[in-house]
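Welcome! Please take a moment to look over the sequence and the structure, and then read on for a short tour.

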Amino acid sequence: MHKLMDAEITIIGAGVIGLAIAEKVSEEHKNIFLVEKHITFGQETSSRNSEVIHAGIYYTKDSLKSSLCLQGKKLLYDYCNKYGVPYNNCGKLIVATSEEEISILEGIRQTAINNGVDDLVVLDRDQISEMEPNVFAIRALFSPSTGIVDTHTLIKQYETNTINNGGQIAYGSEVTGIKRIKDGYEITLLDADKSNYSFTSRVVINSAGLTSDKISEMVGIHDDNLKIFFCKGEYFRINPPKNRLVGRLIYPVPHPNMEGIGIHVTIDMGGGVKLGPDVKYLESNIYDYKLTVSKQEAFYKSAKKFLPFLEFDDITPEMAGIRPKIQKPGEPQRDFYIEEESKRGYPGFINLIGIESPGLTSSISIAKYVNNLINYTI
Ligand SMILES: Cc1cc2nc3c(=O)[nH]c(=O)nc-3n(C[C@H](O)[C@H](O)[C@H](O)COP(=O)(O)OP(=O)(O)OC[C@H]3O[C@@H](n4cnc5c(N)ncnc54)[C@H](O)[C@@H]3O)c2cc1C
């Protein structure tokens with residue numbers, strides 16, 4: 001076993017969350033170490049998502065998801081302006097296509113207002129046609145603060161600032177063990193050459209995404225409430241030239257018994273247009289990113305309701321991502337789990353588990369929240 005220099009704060013995982021935290025904590029603290037098992041950043045959930053800057057419309061009042069999303073979107077737009085990270089504050093329409101859906105739309109508007117999202121605008125049929133002439137809806141809610149961001153450039157900027165602040169990043173290094181010791185933790189790593197390394201760290205931040213429950217178990221926290229269930233979401237793309245027929249994010253009205261918020265339209269910074277993601281819990285926690293061609297009919301039918309121009313052959317399977325859910329299928333939505341684990345006997349160990357959407361939107365506010373937990377601890 002080789003010995004490495006000891007760290008003050010160690011962050012596990014170089015997704016959008018781990019790197020946002022690394023940037024933030026390296027502004028105030030010295031001797032920061034980030035370890036990532038892949039050879040570069042953002043190889044898992046952070047590069048397999050919709051890249052939407054969410055407004056914070058649907059979340060449960062007073063939840064971390066709600067408050068961190070609201071703070072996070074503002075911080076993210078400011079950050080993108082400061083560092084020139086490409087984004088498009090394109091806005092989003094939630095569209096009702098039947099009378100029955102109009103009352104659900106009103107419920108969404110009320111939830112949004114309760115959550116502090118006070119900029120939603122109700123649009124009638126003519127106003128919708130003016131904004132999006134190729135979309136069918138009889139009523140819509142327009143969210144002007146929703147947008148999209150170039151996630152790769154964003155994470156790269158977090159990485160650059162971390163390094164400029166003096167933080168160290170070890171790619172190709174998998175955490176294989178964490179042991180509680182006096183004044184901190186001993187961490188064991190396996191590198192790409194199959195060599196083992198160990199070092200100590202006063203604070204450990206677990207932002208390991210889909211396997212964050214396993215990292216938490218490594219240190220000794222066994223809690224069935226913190227088990228992750230892989231929940232896959234697949235996307236189809238709208239082929240050119242029809243991708244040019246929408247210019248904003250278009251979401252159907254979510255129905256009360258629906259898991260997720262329905263097959264919606266997202267645009268990306270390169271002009272691509274995606275349908276999705278759908279929601280399917282996997283039977284076991286395996287990295288299954290396979291695309292299901294047979295879902296084409298279901299995607300087409302869902303989107304056809306509000307995209308009348310769409311034909312079956314206009315869409316092609318594009319990609320899949322996996323949500324790290326901590327609620328089992330059919331259970332109510334759970335909040336982000338972000339805790340410093342002193343109460344369980346692990347001071348200085350900070351767990352981030354179940355960081356599904358709106359994790360990207362909230363990355364900077366999550367980083368601030370975690371930094372406060374550290375300052376409270378040390
Ligand atoms: C389909 C889908 C759509 C989404 N759309 C949106 C959206 O539009 N807007 C939004 O705000 N959010 C969205 N999200 C959520 C967002 O993508 C996530 O919240 C965010 O990417 C989580 O980032 P992370 O850093 O926690 O996880 P990850 O990106 O998964 O990073 C975790 C990292 O930890 C590393 N790691 C794991 N175990 C170890 C180990 N033992 N040793 C070393 N490294 C390890 C992994 O390799 C990985 O790089 C979406 C998610 C999905 C799945």
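This is a predicted model: local features need pLDDT of at least 70, side-chain atom pairs count only at pLDDT 80 or more; totals for chains, interfaces and linings use all residues.

Residues are numbered from 1 along each chain as its sequence is written, and side-chain values use heavy atoms, with hydrogens and water left out.

**Aromatic pairs**

- The structure holds nine aromatic pairs; rings of Phe, Tyr and Trp (its six-membered ring) pair if their centres lie within 6.5 Å, and planes under 30 degrees apart count as stacked, over 60 as edge-to-face and the rest as tilted.
- One of them joins Phe230 and Tyr287 edge-to-face, at 5.4 Å centre to centre and with 80° between the planes.
- Phe230 lies in strand E14 (residues 229–238) and Tyr287 in the loop between strand E18 (280–281) and helix H7 (296–304), so this pair ties together parts that are 57 residues apart in sequence. Helices (H or I, at least four residues) and strands (E, at least two) are DSSP runs, numbered from the N terminus.
- Phe230 is buried, with a relative accessible area of 2%, whereas Tyr287 is partly exposed at 35%. Buried means under 20% relative accessible area, exposed over 50%, and partly exposed in between (1.4 Å probe, protein chains only).
- Tyr300 and Phe312 also form an edge-to-face pair, with 5.9 Å centre to centre and 85° between the planes.
- Tyr300 sits in helix H7 and Phe312 in the loop between H7 and strand E19 (315–325), 12 residues apart.
- Tyr300 is buried, with a relative accessible area of 15%, and Phe312 is partly exposed at 33%.
- Tyr79, Tyr83 and Tyr158 are linked by ring pairs into a cluster.

**Charges over rings**

- The charged end of Arg48 sits over the ring of Tyr289, 3.7 Å from its centre. A charge counts as over a ring if NZ of Lys or CZ of Arg is within 6 Å of the ring centre and within 35 degrees of the ring normal.
- Lys92 lies over the face of Tyr251, at 3.7 Å from the ring centre.

**A loop residue: Ile138**

- Ile138 is found in the loop between helix H4 (125–131) and strand E8 (139–143), and Ile138 is buried, with a relative accessible area of 18%.
- Leaving aside neighbours within four places in sequence, Ile138 is in contact (heavy atoms within 4.5 Å) with residues including Ala96, Ile102, Asp124 and Ile128.
- The C-alpha atoms of Ile138 and Gly233 are separated by 28 Å, and these residues are 95 residues apart along the chain.
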